[in-house]
Amino acid sequence: MATSSHTPQELMVAVASREIRDGDLVFVGMRLPILAYAVARNAHAPNARGLFEVGLMRDQPAEAFLGTMGDPPNVAGALWATRMSNVMALMAQGSVDLGFIGGAEVDRFGNLNTSYVGEPAHPTVKLPGSGGGADIAILSRRWVTLMSHERRRLVEKVSFVTSPGFGDGSPHWRKRNGLLGGGPVAIITTLCVLRFPELGGEAYLASVHSGHTVDEVRSETGWDLKLADDVSETPAPTESELSAIRRFDPEGFWTRSA
Amino acid sequence: MAMAEAIRRFVPDHSTVALGLALEPLIPFAAGHELIRQGRRDLELVGPISDALFDQLIGAGCVRRVTAAWVGNVSEGLGHCYRRACEERIPLPLEVRDHSNFSISLALWAAAWNVPSLPTRTLLGSDILRTNPALAAADGLVHVAAVRPDVAIVHVQRADELGRVHAWGPMGITEEAGLAADRVIVTCEELVDPSVTLSDPNRIPFPETKVAAVVYEPGGAHPSPVQGFFKRDHAFYRDYAERSRSVDGYLAWLEQWVMGVPDRATYMGQVDTESLRVSRHRMSEPVDYGDE
């Protein structure tokens, strides 16, 4: 369903929300995924539950803007308010179906760097670190990352693996190294959606957002990007997805600033 | 006890200090600012996600080492003082011991339970294992070495003068940090009678035997939220992020909100508290501790 104009962030939120299946236990990260969870709950996933590392489980999304997962509206009406280690216990048991992780740098095998650009002892950029990202990447059943699509962010090989995807891309890398969860299933960017083969490995271009081209995506990607047999156009946000996004982010704090 | 005295007595130079333990809420900013005013040096800071307070302490030159999962500004992104310290050694070089949220929790539980380490499946395959010597992989597990803070600083909704604490909302790693630390400094929105705290002992996250000081400090967590009391001051975090991009901007911010402010009461006088105060209250049902 084609719609009125939307921002790249609104499209990313809509695409991310579609990764949530009804009944999923979702480990909700910071920023855009908070909105994606709210959109999914109000549409196709009314039985999803959200888990927040601060120590919360929710069903209904908070009926107010959230700057962080620990804001009071996210606590009021929670299913469970507890300590972080209890939330991590569920993920360690393999009970988290889907996690979201924000990435600064990602490589062709879905490894994320949110720690150091350059040598850790003398970094050119010190990024904030893992937070719960590494835990989600290793322990959740499947995960998705969202990031701005720039050549300096989608790199051949990340300089530091904070949150492992499929490692060096060799068969069964995760299993051989004892990683519990299944790994990344999608990288949602400002230009496109990359996906991974069922058994893991190298990312491929699955769909391109309206207004962008395959050539543009490839030139903004730091490796020779594989293409799906049928690269499609990413479905635009529907009117109901957009209205949900704008209800939970009325000022455009997450979805309308540069 | 007054904040200045609590910090002077219980947080000497070279201390290992755990704070910001409930992640985004209940961050003891007032206590952190007093550490800066008193010119503390060579601290090791321990925490999960730190929302701006670690960045402020690093920029002020108080910190030698950070043992944490994340240092930045949650709604705004990067921590500029943290970046300058790691990238340019400004104002001082900084040692970083990276953790994930799960592993820093385990490090504190290990100390709480008085064991050298705890095993986990998280961090397998992560380069965090390469850079943090306190993490070791063996036999398909990661062994997380204990982290024992000298002091944990915790802001809570209410406490009594004898160190019985009531905190509610998501607790992050507050309980394990309180149990692991040698002692705890509590700052609170309300100082209440013991009959209030002892009416609900399940609400107490760590025992009074750990609590070295209780500081009555309303607004002591601003700009972080306090369930039932204050909303998060998003604009304040944004202003800090923008001004701390440069050293001069950071120092001007520090002068306005920390160095040029004698105490928290004066600070709160500069904040529009009415727009931040929670106005829609949602009381829980009391529970019955009936015994006979």
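Me: What is the mean pLDDT of chain B?

Reply: This is a predicted model, where local features need pLDDT of at least 70, side-chain atom pairs count only at pLDDT 80 or more, and totals for chains, interfaces and linings use all residues. Residues are numbered from 1 along each chain as its sequence is written, while chains are lettered from A and ligands numbered from 1 in the order in which they are written. In chain B, 100% of the residues reach 70 or more on this score, which is the predictor's confidence in each residue, from 0 to 100. The mean for chain B is 98.

Me: Back to those strands: which are the edge strands of chain B's three-strand open sheet?

Reply: The strand order in this open sheet is β6-β8-β7 (chain B), with antiparallel pairing.

Me: What angle does the direction of α5 of chain B make with that of β6(B)?

Reply: Angles here run from 0 to 180 degrees between N-to-C directions, with axes fitted to C-alpha atoms, for helices over the stretch in contact. Helix α5 (residues 101-112) of chain B packs on the sheet, touching β6, β7 and β8 of chain B; contact calls for C-beta atoms, placed from the backbone, within 7 Å. The angle of α5 to β6(B) is about 145 degrees.

Me: How many residues of β2(B) are buried?

Reply: Buried takes 20 or more other C-beta atoms within 10 Å of a residue's own, exposed is 12 or fewer, and partly exposed lies in between, with C-beta atoms placed from the backbone. Strand β2 of chain B spans residues 43-51 and is mostly covered. Its buried count is nine of nine.

Me: Which helix does the chain cross through from β1(B) to β2(B)?

Reply: Strand β1 (residues 16-19) of chain B runs parallel to β2(B), joined by three bridges, and B:Ala18 stands opposite B:Val46. The β-α-β crossover is right-handed: with the strands pointing away from you, the path from the first strand over the helix to the second runs clockwise. The helix on that path, residues 29-37 of chain B, is α2.

Me: And which residue in β3(B) does B:Leu43 stand opposite?

Reply: β2(B) and β3(B), the latter residues 63-73, pair in the parallel sense over eight bridges. With helix α3 (residues 53-59) of chain B, they make a right-handed β-α-β unit. B:Leu43 stands opposite B:Val63.

Me: Over in chain A, why is α2 largely enclosed?

Reply: Its cover includes α1 (8-18), β1 (25-27), β2 (49-52), β5 (98-102), β10 (142-147) and α8 (239-248) of chain A. Among the buried residues of α2(A) are A:Leu32, A:Tyr37 and A:Arg41. Helix α2 (residues 32-41) of chain A is largely enclosed by the rest of the structure because its buried residues number 10 of 10.

Me: Is A:His149 buried or exposed?

Reply: A:His149 sits in the loop between β10 and α6 (173-176) of chain A. Leaving aside neighbours within four places in sequence, A:His149 has contacts including A:Leu154, A:Cys192 and A:Glu220. There are 20 other C-beta atoms within 10 Å, so A:His149 counts as buried.

Notes: Pairing = 2+ DSSP bridges. Helix = DSSP H or I, 4+ residues; strand = E, 2+ residues; numbered from the N terminus. Contact = placed C-beta atoms within 7 Å.
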